[in-house]
Amino acid sequence: EKDKKNYLLLGDSHSAMLWSALASELKHSNVMQASTAAREPSLAPSGTGDCKKMMSYIFQRYLPTHPIQGVFLVGRWEPKNLGPLTELISWAKERQLPVIVFGPVPEYDAPLPRLLAYSIAWTKPTLASQHRVDESKILDAEMQRLAVDTWHVPYVSLYGEICAADGCIEYADSARKIPLMSDDNHLSPLGASFVVQRLVDKGELN
């Protein structure tokens with residue numbers, strides 16, 4: 001679109017969970033989405049034919065021929081993804097294509113809405129936090145370090161936006177009625193809006 005910045009949101013279901021919030025909050029931008037289930041962005045993706053077809057189209061045909069202002073890379077990252085992600089960022093830099101990496105969200109060993117319901121029923125306010133898994137925090141710290149030392153690209157810490165030293169935000173509303181997440185690792189629609197709004201307010205996505 002003319003007069004609007006064009007961004008491509010690329011990734012798995014974790015990119016899909018952010019699209020609506022990004023599209024509505026980044027008012028002066030056009031946010032396009034290319035998401036495929038259970039596959040993080042990669043130049044050489046494993047998995048289904050559909051995933052390979054989409055990634056191949058994006059990297060070989062779409063990005064080289066369409067002027068865009070940046071690619072948002074989002075995924076349910078694991079340590080094994082960091083090598084391929086480093087290769088992808090190098091590929092983008094060679095083509096002077098700006099990249100913004102979104103880090104992991106906190107994860108739980110059970111669906112957060114269920115944990116919050118039990119915490120109310122059993123009057124155990126810290127129940128959900130006891131079921132948060134540590135991997136996301138460790139990976140977020142590693143990805144922040146890589147973004148500064150190796151990738152030299154902007155990094156959006158979703159984990160850091162949701163969690164602080166005194167715990168993680170668990171609700172998307174001030175009335176504490178709507179869980180921030182819809183399951184054990186995806187933000188709910190209102191949760192995504194809440195987090196993206198905070199990032200925009202801080203100027204991290206301008």
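Contact here means heavy atoms within 4.5 Å of each other. Keep that in mind as you go through these points on the model, which is a predicted one.

1. Start with Phe-102. Leaving aside its neighbours within four places in sequence, Phe-102 is in contact with Leu-18, Phe-72, Leu-73, Val-74, Trp-77, Tyr-155, Val-156, Leu-158 and Leu-205.

2. **The core around it.** Phe-102 also belongs to the largest nonpolar core, which has 36 residues. Together with Leu-18, Leu-22, Leu-187 and Leu-205, Phe-102 touches the most other members. Which elements give two or more residues to this core? They are β1, α1 (13–25), β3, β4 (99–102), α4, α7 and α8. Helix α8 provides the largest share, 5 residues. Apart from this core lies another, of 30 residues, with Cys-51, Leu-73, Val-101 and Val-153 among them. As a general background, nonpolar side chains tend to be buried together in soluble globular proteins.

3. **The sheet.** Next, look at the strands. Five of them form an open sheet with parallel pairing, in the order β2-β1-β3-β4-β5. Which strands stand at the edges? They are β2 (29–35) and β5 (155–156), and because each has a single partner strand, one side of each is left without a neighbour in the sheet. Further in, β1 (residues 5–11) and β3 (residues 70–74) pair in the parallel sense over 5 bridges. Here Tyr-7 stands opposite Gly-70 in β3. Helix α2 (residues 49–65) packs on the sheet and touches β1, β2 and β3, its direction making about 155 degrees with that of β1.

4. **One face of helix α4.** In helix α4 (residues 112–121), the buried residues are Leu-112, Leu-115, Leu-116 and Ser-119. Viewed down the axis of α4, these buried residues fall within an arc of 100 degrees, so they line one face of the helix. What do they pack against? The buried residues of α4 pack against α5 (127–130). Just after α4 comes Thr-123, with a positive phi of about 50 degrees.

5. How many salt bridges does the structure hold? There are 6. In one of them, the side chains of Arg-145 and Glu-142 meet at 2.9 Å, N to O. These two residues are 3 apart in helix α6 (residues 135–151), which means they are separated by about one helical turn. An α-helix has 3.6 residues a turn, so residues three or four places apart point the same way. Arg-145 is partly exposed at 39% relative accessibility, and Glu-142 is partly exposed at 29%.

6. **A bridge across the chain.** Glu-161 and Arg-198 form another salt bridge, with their closest N and O atoms 3.1 Å apart. This pair links distant parts of the chain, since Glu-161 is in helix α7 (residues 158–162) and Arg-198 is in helix α8 (residues 189–201), 37 residues apart. Is Glu-161 buried or exposed? At 4% relative accessibility, Glu-161 counts as buried, whereas Arg-198 is partly exposed at 31%.

7. **A bridge between sequence neighbours.** Finally, look at Glu-94 and Arg-95, whose side chains meet in a salt bridge of 3.4 Å, N to O. Glu-94 has a relative accessible area of 63% and is exposed. Arg-95, at 43%, counts as partly exposed.

How values were computed
Residues are numbered from 1 along each chain as its sequence is written. This is a predicted model: local features need pLDDT of at least 70, side-chain atom pairs count only at pLDDT 80 or more; totals for chains, interfaces and linings use all residues. Side-chain values use heavy atoms; hydrogens and water are left out. A salt bridge is a side-chain nitrogen of Lys or Arg within 4 Å of a carboxyl oxygen of Asp or Glu. Buried means under 20% relative accessible area, exposed over 50%, partly exposed in between (1.4 Å probe, protein chains only). Helices (H or I, at least four residues) and strands (E, at least two) are DSSP runs, numbered from the N terminus. Two strands pair if DSSP finds at least two bridges between them. Axes are lines fitted to C-alpha atoms, for helices over the stretch in contact, and angles run from 0 to 180 degrees between N-to-C directions. The arc is that of the directions from the helix axis to the C-beta atoms. A nonpolar core is a set of buried Ala, Val, Leu, Ile, Met, Phe, Trp, Tyr and Cys residues joined through side-chain atoms within 4.5 Å.
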